Amino acid sequence: MKKIKSILALSFITLTLLSCNKEDETVQSEQGSLKVTPEVLTKISSLSLNNTDVQVIKNTKLDGTTEDAFLIEGDIMITPDQLNKMDLHGGITTEQYRTTNLVSAPKTIKVVGLTGTGTTALSTVMRNGLTAAINRYNNLGLSINFTLTFSSSTSGANIVVKRQTGSAGGVAGFPSGGNPYNSVTLYSGLDSYSTNVNAHVAAHEIGHCIGLRHTDWFSRQSCGQNTSEGTAGVGAILIPGTPSGYDSTSYMRACFSSSETGAFNSNDVTALNYLY
């Protein structure tokens, strides 16, 4: 998957940088019976994912029930069952970096943005941002394309996009069995941000759903860090035509700012066309 972003002064980070995930106490579960064991960390590392800050979170499912899941790299949610079934299938071999499976193409992916009166219904700015994100993907003419409907029914959906109370950002997961990850959660803190920021976060999380990792995996510079997410010894092959260094405007950076436009840059387009 793609990964790239630069170190900023701490005061600037405090004012403008927001993690592409729901953060801190708002995502922490009571730890329950799910634990981050050495075996879990080894499995996560074997998938070429960062295992240095794995958390247990409470995820609210569409039926209103909750489940414990692991939060990896800030905005990747993986349940224990999904983690056990995931494999690299030969290693990372594409894009500005992807891991595990990709979506089998050609494929039409049906996206449903939840509506209604409950807390899972998307706000107006989330709906507008999601629409813009889907349009940007479809405008690339990829071998996967997306249909988008807004409904309280999830029948036939490949990806359900829902709202949940929390700080600005989102959470998604990786594909399996040739299918995209089936849900994106957008947190309510996004309600106070622009349509462009909402489009950026929606596109970023959908990027995870179709197999992309953070473009700044080697530094997490976009979060004001200098920490590699690692490649677990299996390597990562750079896509021809994409930068090997930090790409400060890639939509798949680990963290985002309040000035995002929601657009893909030329390297994002190169990578998406390479994959799909």
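1. The sheet. Five strands, in the order β6-β5-β7-β9-β8, make up an open sheet with mixed pairing. Its edges are β6 (144-151) and β8 (170-171), each of which pairs on one side only. The model under review is a predicted one.

2. A parallel pair within the sheet. β7, residues 159-164, and β9, residues 183-187, run parallel to each other, with 5 bridges between them. Gln164 has Tyr187 of β9 as its bridge partner.

3. Helices on the sheet. Helix α5 (residues 124-138) lies across β5 (107-114), β6, β7 and β9. The angle between α5 and β6 is about 160°. Helix α6 (residues 195-209) lies across β6, β7, β8 and β9, and its angle to β9 is about 150°.

4. The main core. The largest nonpolar core has 42 residues, and Tyr137, Phe146 and Ile210 are the ones that touch the most other members. At least two residues of this core come from each of β3 (66-72), β5, α5, β6, β7, β9, α6 and α7 (266-275). The largest share is that of α6, with 6 residues.

5. Contacts of Ile210. With neighbours within four places in sequence left aside, the contacts of Ile210 include Leu102, Val103, Ile109, Tyr137 and Ile144. Phe146, Pro175, Leu272 and Tyr276 are also in contact with Ile210. Two of these partners, Tyr137 and Phe146, are named with Ile210 among the residues that touch the most other core members.

6. The disulfide. The model has a count of 1 disulfide. This disulfide is formed by Cys223 and Cys255, with 2.0 Å between their sulfur atoms. The link is right-handed, at 95° about the S-S bond. It joins distant parts of the chain, 32 residues apart: Cys223 sits in the loop between α6 and β10 (255-257), and Cys255 in strand β10. Both Cys223 and Cys255 are buried.

7. Is Cys209 buried or exposed? Cys209 counts as buried because its relative accessible area is 0%, and the cut-off for buried is under 20%.

Note on methods
Residues numbered from 1 in each chain as written. Predicted model: local features only at pLDDT ≥ 70, side-chain atom pairs only at ≥ 80, totals over all residues. Heavy atoms only, no water. Pairing = 2+ DSSP bridges. Helix = DSSP H or I, 4+ residues; strand = E, 2+ residues; numbered from the N terminus. Contact = heavy atoms within 4.5 Å. Axes fitted to C-alpha atoms, helices over the stretch in contact; angles between N-to-C directions. Disulfide = S-S within 2.5 Å. Buried < 20%, exposed > 50% of the residue type's maximum accessible area, 1.4 Å probe, protein only. Core = buried A, V, L, I, M, F, W, Y, C linked by side-chain atoms within 4.5 Å.
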